[in-house]
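Student: Could we go through this structure together, one question at a time?

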Amino acid sequence: MIWLVLCVLSTAVTARTVSRVIIDPGHGGRDKGAHRGKVYEKNLALSVAKRVERLLKDRGMPVTMTRRSDVYLSLNDRAVIANRYPNAVFVSIHFNAHTSTRYHGVETYYFGEQGKRLAAHIHLRLLSRLKLKNRQTRQRKDLAVLNKTRCPAVLVECGYISNHYERKRCLSSSYQDNCARAIVDGIMAYKNFPVRK
């Protein structure tokens, strides 16, 4: 009897089907994003995105980058790229800023139930690796890269470049590596998390 129950459970639980990851480095070209002095969000986002791409490919996961260089892409163009692929997940990479220098930490935005689950996996690992203030995960229905994307989609804010201490960290190679590893670990945890069929 126990053997029969185990057999039933083993066929009823499986990993999610994720056949591709769309990595979206925020901003680009004439759209610098947040900036302080010569530190531009668009450059930090692309640097982390390329690290994410490399790590995912090392794990055998197909990756599509919305941009690979300092070019401008509209928000709609980014969603169009993501919507070409079935069974994909979409991760947009950003760095934050505020008029007040006291703001710091990481936050992750999502849209939809599967986006919420993907965000939770990534956010937890960002907190663990970066040791920054937890600014939580939140649903954002107003962000085009999330609400126009049909697959599970999240937008990750990897730190505040308006905060002097955090900006110095964001510029370091080790910090960017940790951001990338946290994002990749979160994606793979989402993919492999058991779901009932």
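Student: In which sense do strand 7 and strand 8 pair, parallel or antiparallel?

Tutor: This is a predicted model, in which local features need pLDDT of at least 70 and side-chain atom pairs count only at pLDDT 80 or more, while totals for chains, interfaces and linings use all residues. Residues are numbered from 1 along each chain as its sequence is written, and side-chain values use heavy atoms, with hydrogens and water left out. Strands (E, at least two residues) and helices (H or I, at least four) are DSSP runs numbered from the N terminus, and two strands pair if DSSP finds at least two bridges between them. Strand 7 and strand 8 (residues 134–139) are joined over 4 bridges, and the sense is parallel.

Student: Which residue of strand 8 is the bridge partner of Thr108?

Tutor: From strand 7 the chain crosses through helix 4 (residues 113–130) to strand 8 in a right-handed β-α-β crossover, that is, clockwise from the first strand over the helix to the second with the strands pointing away from the viewer. In strand 8, the partner of Thr108 is Thr137.

Student: Why is strand 7 largely enclosed by the rest of the structure?

Tutor: Buried means under 20% relative accessible area, taken with a 1.4 Å probe on protein chains only. Strand 7 (residues 106–111) is largely enclosed because, of its 6 residues, the number buried is 5.

Student: Which residue of strand 9 is the bridge partner of Phe111?

Tutor: Strand 7 also pairs with strand 9, in the antiparallel sense and over 5 bridges. In strand 9, the partner of Phe111 is Ala153.

Notes:
Buried means under 20% relative accessible area, exposed over 50%, partly exposed in between (1.4 Å probe, protein chains only).
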